Amino acid sequence: MKKNHQKKMRKKAAIPAVLALSFAIGGLVPTIPTIAGPTSFVHAEGLSKQDVVKSFLHSKVQDYSKSFATGEQFKIVSEQTDSTTGTYHVRTVEQYKGIPIYGSGQTVALDANNNVFASFGTVTQKLSRSIIPTEAALSEEDAVNIAKEGVASQIGIDELKRYDGIDSELTIYPHEGKYYLTYLVKVSTSTPAPGYFHYFVDATNGEVVNNFNAMHEVDPTKLSPVMARGLDVFGNMQSFPVGKDLSTGTSYLYGGSIAGGTTTSPNIVPLATFDARRMPETPFILLSGLLGFTGFEVETKSSTNFFYDPAAVSAHINADKVNKYYQTVHKRNSLDGKGMPLISTVHIGSKWNNAAWNGKQMLYGDGDGLTLGSLSGGLDVAGHEMTHGVISNTANLTYQDESGAINESLADIFGALAEMNAAGATSPSEWEMGEDIYTPTREGDGGLRSLSDPSSKRLNPIYGLKNNVYPSIYQDRYLGTEDKGGVHINSSINNKAAYLVSEGGTHNGVTVTKLGRLTTEKIYYRALTMYLTPSSGFKDMRNAAIQAARDLYPDNKTTGAPSTQTKAVIAAYDAVGVPAE
Ligand SMILES: [Ca+2]
Ligand SMILES: [Ca+2]
Ligand SMILES: [Zn+2]
C-alpha cells in the first residue's frame, strides 16, 4: 500500500498543472468582497442592494454598534438576480472580526423597489459584546495533522495516507454556549471506510473541541471520446460515451455530461466513475490526479469498448441523468452550479448496504443481495446523493435534528423528481425511494421509504414511533437522539408535504390541490436555493416553500388573495401539521 501511494505521489508531482486545475474546480463557493454598509436601518432609496440587505440585517441586531470594533457582522457570500420575478436574492454568513461563524447564515430577498420582502435565518445577538480569541497559536498544518490523527484512529488505521480531499479554514465555532476559534478541518475518505469527517481543532491550544462524521447516507441504512457499451445492474444494454487512450487501446469510464449552456457552447461537466476495490496499476493516475481521487479507474481493453462492470455502468449513466435533470430543469451547472466534476465510486466495502455523498463524490456499496442490490442501480439513489451536493452548495442545511431532516427530505424529493424526469415528461408519478434496488429477490414491495405514504413503511420499534411506522405528521415526529435526531425519520413529514403539493389529495383531514411535479420542483428548488439556511427547520421549510410559491405565482393584485399554487402549499403544510408560527 505504501509503495503504491508513493508511486502515485510521484506521478502527481510530475503533473503540477493538472493538480492546480483540480484545486480550481474543486473549490467551495467563492466569497464576494464585503461591502461597507451603514450601521443603522435607513430607507431603501439611494442605497445599493447590498447596503439595503446589510441595513436590514443590522436592524435585527438589537445591540448592533460599530463601537465594539467587531467589524461587519454580515458578509454576503452569494447574490443572484431573478429576471423572471425582478427580484434580488442574497445569502450571508455571520462573521466576527472577519472570521466566519460556523452554522450561521441568512437569506434576504429584495423586490424591484429594493424593499425586503422575505428573509430567513437567525441573527446572533450580542455578538459585538462577545470576547472571542481571533489570534491562532496553531498553524493550519498542525490542525490538519491533528484531524488526520483523529480520523485514522476513528477508522482503525495507524496513519491516514489515503483520502479524497482535505479542506480547512479558520472558523468561529459556537459550541455548548461558548465561542471557540477553531480550524474546521473536513476530511473526505472512501477507503477503507467512507466518511466526511469534520474536526473542530481549537486554534489556541490544539484541542479537538468537537468532531463528527457528516456523511449523508441513504437509509437503512489524454483520452479520445468514443462510444462504449455495457450491461447495467439490471442486465439492460446501455451505450454511453467514454474516454479512450488510443496508444494503448484502453477505455476508461470517463467522459462528459453534456446539457444546458447554448447550442454552440454547451455546458460539459466532467464525469468519472471509479472502482474502490482494484489495486492501482494503470498509467491513468492522470485522471485521479485531476479529480483528487484515491481509487482506481474502471477500464476495458475490449476493442468494442465494452465495459463488464454493471455497478460502474449504472453509476456512470445515472450521474449523467441526474446532472441533465439539474441542467435542463433548474439551469444548474453541476452540483456546485459551476461545473464541478461528478465522481462516482462503486464497490465500496463488502456487501455495504448503503450509498453516500462524502462532500466530494458519490459512493455506492454493492448491497448484500437480499435487503439491497447494487445501490448504483437506483437512479433515485444517485439523485438523492447528488442532491446532498447541491444542498451543501446552497442552503447547507446542518445535518442534525430538524435541519438535517429537511436536508434528507430534499435529497429524497429531488431524487424522486430526477428519476421521474429521466423517465420522461409524461411518465407516471413515482414517489418511492430506492424501489429498483430494494429487496432484489422480491418484486413489487416498494422501496426503502415512501414519499407518497410514509406510514406504509415500518420502523424499528426501538425508535418508539406511533404504530412503529414513519411519521407523516409533524406532531408524530421523532424527538430522540438516534439517527442524528431522526434525520432519515422526520424527513418523511416534509416528503409527504411535497408529495401532496405535486399530486394533491386529502391527508389528516386537509385537502390539497394537485399542482403537478413541474410546478412542485420549481417551488422546492427556489426554496432550497434562495431561502433556506443552515439552521432551517420545518417551520422555515413551510415558510420558504410558501414564499417561493408566492414569488412564482403572485397574490391577486386587487384582492390580495394568494394564488391557487400558494394555497396548495399552505394546505400541504397544514395537512402535515407544520405550524406557521
Ligand atoms: Ca423511486
Ligand atoms: Ca423489492
Ligand atoms: Zn441522504
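Ser 188 stands opposite Tyr 196 in strand β8. The model is predicted: local features need pLDDT of at least 70, side-chain atom pairs count only at pLDDT 80 or more, and totals for chains, interfaces and linings use all residues. Residues are numbered from 1 along each chain as its sequence is written, and chains are lettered from A and ligands numbered from 1 in the order in which they are written.

**Strand β8 and its partners**
- Strands (E, at least two residues) and helices (H or I, at least four) are DSSP runs, numbered from the N terminus.
- Two strands pair if DSSP finds at least two bridges between them.
- Strand β7 (residues 178–189) pairs with β8 in the antiparallel sense, over eight bridges.
- Strand β9 (residues 208–213) also runs antiparallel to β8, joined by five bridges.
- Tyr 199 stands opposite Asn 211 in β9.
- Five residues separate β8 and β9 in their hairpin, where Gly 206 takes a positive phi near 80°.

**Burial of β8**
- A residue is buried if 20 or more other C-beta atoms lie within 10 Å of its own, exposed if 12 or fewer, and partly exposed in between; C-beta atoms are placed from the backbone.
- Eight of the eight residues of β8 (residues 195–202) are buried, so the strand is largely enclosed by the rest of the structure.
- Gly 195, Phe 197, Tyr 199 and Val 201 point one way; Tyr 196, His 198, Phe 200 and Asp 202 point the other.

**Nonpolar cores**
- A nonpolar core is a set of buried Ala, Val, Leu, Ile, Met, Phe, Trp, Tyr and Cys residues joined through C-beta atoms within 7 Å.
- The largest has 106 residues; Val 501, Ala 545 and Ala 572 touch the most other members.
- Helix α8 (residues 401–422) gives this core its largest share, ten residues.
- Apart from it lies another core of 24 residues, including Tyr 102 and Val 201.
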